[in-house]
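Here's a quick walk through some packing details. Have the sequence and the model open as you read.

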Amino acid sequence: MGGSGRGAPSEPVLSTRDGALLTLTLNRPHRLNAVSLPLYERLAAELERGEADRGIRCMILTGSGRAFCAGADLKAHRDRPQSPGERRRYIEAAQRANRLIQTIGTPVVAAVNGHAIGAGLELALSADFAIVAEDAKLRLPEVALGTFVGGGVVYTLAERVGVLKAREIVCLGDFFSGAEAAAMGVVSRAVPATEVLAEATRLARRLTRRAPISLAAAKRLIGPAARLSREEALEREHAALEQIFGTADWREGLAAFHEKRSPRYRGE
């Protein structure tokens, strides 16, 4: 991918910008991109930086090497037991990174180029869209390992597949493929591994051409609205629509429709 990049190869997350698209790459290939405190902290910082840049309209999250993210670095946890304070900092950093993916107004597309296990699948589930390699292995093994899921899996997974199937995936911890994930509705679609990034980029490019204020409203309401009463959901939808009717982007969209041209949204 062309454009500007930031981050040395040794850094846990690489950032590459190409026009309105920002790609964040988990960069611990020697550990199959297993998560660490520095990785989570750097990912959160890059997400915040991208969200603050009004020129960024969509982000892609992917992994370097042959995996998307193999989850927690169990070797590091075994070799160096953490103090209670260190464990708290690690959990908070993980939750913060996932929360940002879920809540920033900029849409995030996960390009799951290989295996996504545990914390890796949590990151993919936090994204608005996920394109997954058909033969990738996916799993949430935490309960089987005597720990527990994080990153909002208790709702991000159930929103996709329902409570019963989510309970089965979390409690049994079985492997399933990217193709099976797409069939279950866990991810947006599954494609051959060699096509994952290209397919994710095509989707992200389409999103960069949509009205950013409208996209942010859709991201904010779709999903969370299922946990609201009908009246609360309608009220929030009403407020979003009323706000958008006052934007320059709404006027631009209307003008572009009548002039039979592509709209040029500015996020205003």
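W250 is partly exposed, at 35% relative accessible area (buried means under 20%, exposed over 50%, partly exposed in between, with a 1.4 Å probe and protein chains only). For pairing, ring centres of Phe, Tyr and Trp (its six-membered ring) must lie within 6.5 Å; planes under 30 degrees apart are stacked, over 60 edge-to-face, and the rest tilted.

Keep in mind that this is a predicted model: local features need pLDDT of at least 70, side-chain atom pairs count only at pLDDT 80 or more, and totals for chains, interfaces and linings use all residues. Residues are numbered from 1 along each chain as its sequence is written, and side-chain values use heavy atoms, leaving out hydrogens and water.

The structure has two aromatic pairs. In the one made by Y40 and Y90, the centres are 5.8 Å apart and the planes at 70 degrees, so it's edge-to-face. This pair ties together distant parts of the chain, 50 residues apart: Y40 is in helix 1 (residues 37-52) and Y90 in helix 3 (residues 84-103). Helices here are DSSP runs (H or I, at least four residues), numbered from the N terminus.

Key: Helix = DSSP H or I, 4+ residues; strand = E, 2+ residues; numbered from the N terminus.
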